[in-house]
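Here's a quick tour to read alongside the model. Keep the structure open and click along as you go.

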Amino acid sequence: MGTFFAWLIRASWQAGVLAAVVYFVQWLFQERLNARWRYALWSLLLLKLLLPISPQSSLSLFNLRVFDRSGTKTETATTRASPTITASTVQEVPFETVRDESHFDAIQETFGITERSPLPARTLVFTPKTPAETIKIPAIGTPKTAGIRVLRAHLPKLGSLIWALGVAVLAWRVIRQNLTFLHRLRAATTITDPQITAVFQKCKSVLGIQFSVELLETAQVKSPALHGFFKPRLLLPQKLIEEFNQEELRYIFLHELSHVKRRDMAVHWLATVLRILHWFNPVLWLSFRRMAADRELACDEMALSQVGEKETKQYGQAIIRVLERCAQTAGFPLVMGILENRDQMTRRIATILNFRQRSQPSALALILLSVLGLFTLTDAKPQNAAEPALKAAEINWQKWSPAAVAKARANGKPVIVDFTASWCLTCQVNNKTSLEIDSVRAKIKEIGAVAFVADYTKEVPEITRELTRYKRAAVPLVLIYPADAQAEAIVLPSILKPNLVLDALTRAAKPGIANVPNANNKTKVESTDDSRPYSPSVPASNK
């Protein structure tokens with residue numbers, strides 16, 4: 001469900017962008033595009049909403065930075081300036097200053113992390129060399145924002161539930177309305193007047209329609225309308241055939257049968273389903289309405305191509321009479337009838353009066369359709385897709401155990417251990433920004449380090465003891481053991497930066513490194529849970 005909902009949201013907002021492009025192109029070219037091609041542009045919108053996977057292309061409109069919702073943020077997170085580990089500070093790597101809670105929220109959005117660590121509430125105090133500059137920092141687990149974090153963690157599931165509820169309500173409404181309409185349509189009468197049916201059959205013949213189309217009169221519609229796809233029916237309001245002469249009825253029949261010829265009912269049904277699925281997107285609702293208006297213009301154009309330019313005025317007058325006589329008939333989603341408001345009616349009449357017969361397809365329209373398809377039906381191409389050879393191999397994380405670490409160190413290998421848990425937001429951010437990145441992968445491969453992961457998702461006594469040894473109340477904890485088996489582990493801060501990890505790995509690879517505390521370095525971290533100062537690089541048992 002999560003994958004489908006993510007695809008739906010992405011398809012919806014990209015289709016909204018595509019709809020805006022179609023609006024702009026229609027406005028830009030105006031009369032240079034006939035009604036048929038203006039309507040054809042909307043086929044791109046339907047395709048965009050239906051494609052399960054869009055091919056990636058460097059020409060895609062969605063390569064523009066304004067649509068890049070991840071790449072820029074990721075790069076910022078992984079290239080931000082950070083302190084380095086030197087010979088004097090290798091024992092005491094300072095914690096990164098946490099500015100505020102929204103910093104974590106932004107990271108959570110950037111990397112799509114949906115769960116966070118329920119760490120105990122603590123207050124960390126960073127004590128610089130100047131005591132007056134002591135800064136109190138609220139820890140991640142403060143109760144103040146716990147409710148917000150829980151809501152954010154469950155937001156995708158909540159969104160999926162609300163979407164599904166909306167779909168169910170709208171689908172039930174459409175089904176109920178159409179079942180009601182079908183029931184009432186049983187009272188419709190078949191038109192048997194020989195003169196009317198002769199005009200109707202002639203219009204079918206002119207348009208090349210070979211299959212049966214019923215001609216019914218009913219009180220359930222207020223304007224001529226089509227219903228049904230496999231068995232189409234042309235529905236006329238009561239008394240319409242008495243108020244219009246045969247020539248005017250011919251124009252009405254040609255217009256409505258043009259919908260049948262063009263298979264517009266199938267597109268109308270499809271648009272109804274997509275409107276239900278994307279009920280939360282008002283841009284698409286407006287776009288489908290505009291598409292329906294353009295569909296009417298395309299049918300007017302097809303009908304006029306049969307009657308010729310000489311009868312344009314008479315056709316327009318007949319349509320005006322229908323529009324004046326008949327109110328909107330949009331009560332049933334699967335019935336095609338008059339949907340125009342006053343502005344759309346004015347636009348429709350103007351298009352009819354300006355009709356000019358065209359025998360050849362528009363080269364401009366074909367080019368526009370092809371170019372727009374190339375730019376909008378494709379998706380953004382990942383920045384590194386063109387250079388797969390430069391991407392380092394994934395880190396081969398092995399399951400942690402004290403014995404496995406001891407064995408690797410006995411073989412003279414540097415070791416990196418990541419104590420983590422699936423519920424820990426900070427762990428996941430560290431992994432994405434400072435561990436599973438190309439530079440760190442390459443450094444681990446270069447120095448031949450062995451990587452272990454200690455999974456604390458469910459409490460493991462051995463891991464608990466290790467966390468206690470290094471005075472950590474909970475994960476994350478990242479240790480880097482030098483190649484020298486006699487040297488102490490380098491303990492990295494809770495919040496990692498790439499440079500910290502890289503410098504620690506570089507130092508761990510050097511032979512003869514002994515991890516001796518530096519008495520001259522006064523930087524320390526204090527915890528309100530334990531007022532005793534400690535160095536995060538030295539295990540508590542050694543003090």
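This is a predicted model: local features need pLDDT of at least 70, side-chain atom pairs count only at pLDDT 80 or more; totals for chains, interfaces and linings use all residues.

- Among the elements, strand S11 comes out with the highest mean pLDDT, at 95, while strand S16 (residues 530-534) has the lowest, at 35.
- Residues 112-144 stay under 50 in pLDDT, and the model gives that stretch 78 contacts beyond four places in sequence.
- Residues 514-543 are also below 50, with 63 contacts in the model beyond near neighbours in sequence.

- Phe 253 is worth a click: leaving aside neighbours within four places in sequence, its contacts are Ile 196, Val 199, Phe 200, Cys 203, Leu 215, Leu 234 and Leu 236.
- As background, nonpolar side chains in soluble globular proteins tend to be buried together.

**Leu 235, in strand S7**

- Leu 235 sits in S7 and counts as buried because its relative accessible area is 0%, under the 20% cut-off.
- Not counting residues up to four places away in sequence, Leu 235 touches Phe 181, Leu 185, Leu 216, Thr 218, Val 221, Ser 223, Pro 224, Ala 225 and His 227.
- Lys 222 is 13 residues from Leu 235 along the chain, and their C-alpha atoms are separated by 9.5 Å.

- Is S11 (residues 415-420) mostly covered or mostly open? Mostly covered: six of its six residues are buried.
- In a regular strand the side chains alternate between the two faces of the sheet.
- In S11 both faces are covered, with Val 415, Val 417 and Phe 419 buried on one side and Ile 416, Asp 418 and Thr 420 buried on the other.
- Strand S12 (residues 450-455) pairs with S11 in the parallel sense over six bridges, and Phe 419 stands opposite Ala 454 there.
- Strand S13 (residues 477-481) pairs with S11 in the antiparallel sense over five bridges, with Ile 416 opposite Ile 480.

**The cysteines**

- Which cysteines does the disulfide join? Cys 424 and Cys 427 are linked, with an S to S distance of 2.4 Å.
- That link is right-handed, with 80° about the S-S bond.
- Both ends are tucked away: Cys 424 is buried at 0% relative accessibility, and Cys 427 is buried at 3%.
- Cys 203, one of the contacts of Phe 253, is buried with a relative accessible area of 2%.
- Cys 299 is buried as well, with a relative accessible area of 0%.

Technical notes
Residues are numbered from 1 along each chain as its sequence is written. Side-chain values use heavy atoms; hydrogens and water are left out. Contact means heavy atoms within 4.5 Å. A disulfide is a pair of cysteine sulfur atoms within 2.5 Å. Buried means under 20% relative accessible area, exposed over 50%, partly exposed in between (1.4 Å probe, protein chains only). Helices (H or I, at least four residues) and strands (E, at least two) are DSSP runs, numbered from the N terminus. Two strands pair if DSSP finds at least two bridges between them. pLDDT is the predictor's confidence in each residue, from 0 to 100.
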